[in-house]
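Let's take a walk through this structure together. Please have a look at the sequence and the model below, and then read on.

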Amino acid sequence: SFNILPIIVEHIGYSAYSLSNPQGIALNAFCLTSYISQTMPQEDCLRLLCGTDVCGIRLSRSFSRGLSEPPREDSSTCHLRDVILDMILNNIGLHTESSLN
């Protein structure tokens, strides 16, 4: 069910320091979020990811927590900060292009 998506989004900013990879849960949650955002129209995706939080506060908090996480020492894995910024940069022009027409 799509009702679980807002819960998955909340884990984007989650760090489990007891794990060998503290950002593992956050990266997996972001991967699911990223996949969903690439497979559906942007408006539908945002509505599903935000759930009942129509202002998107929970989504923005999760992304900001993920962005504030320090990069891991291990350079063999991707950093959560980098993938979040890539998603933002890839989607930044979608709204402005449609408003120019």
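**A guided tour**

The protein chain has five helices and zero strands, and from the N terminus on its elements run α-α-α-α-α. Helices (H or I, at least four residues) and strands (E, at least two) are DSSP runs, numbered from the N terminus. What you see is a predicted model, in which local features need pLDDT of at least 70 and side-chain atom pairs count only at pLDDT 80 or more, while totals for chains, interfaces and linings use all residues. Residues are numbered from 1 along each chain as its sequence is written, and side-chain values use heavy atoms, with hydrogens and water left out.

Of the 101 residues of the protein chain, 34% count as buried. Buried means under 20% relative accessible area, exposed over 50%, and partly exposed in between (1.4 Å probe, protein chains only).

Now turn to helix α3, which spans residues 42–50. Its buried residues are C45, L49 and C50. They cover an arc of only 120° around the axis, so they sit on the same side of α3; the arc is that of the directions from the helix axis to the C-beta atoms. These buried residues pack against α1 (5–10), α2 and α4 (57–68), where contact means heavy atoms within 4.5 Å. On the other side of α3, E43 and R47 are exposed. Just after the helix, G51 takes a positive phi of about 65°.

R47 also leads us to the charged pairs. A search of the whole structure finds two salt bridges (a side-chain nitrogen of Lys or Arg within 4 Å of a carboxyl oxygen of Asp or Glu). In one of them, the side chains of D44 and R47 meet at 2.5 Å, N to O. Both residues lie in helix α3, three residues apart, about one turn of the helix. D44 is partly exposed, with a relative accessible area of 30%, whereas R47 counts as exposed at 54% relative accessibility.

A salt bridge also joins the side chains of R58 and E10 (3.3 Å, N to O). This pair links distant parts of the chain: R58 in helix α4 and E10 in helix α1 are 48 residues apart. R58 is partly exposed, with a relative accessible area of 27%, and E10 counts as partly exposed at 33% relative accessibility.

Let's finish with helix α2 (residues 24–39), where I25 lies. At 32% relative accessibility, I25 counts as partly exposed.
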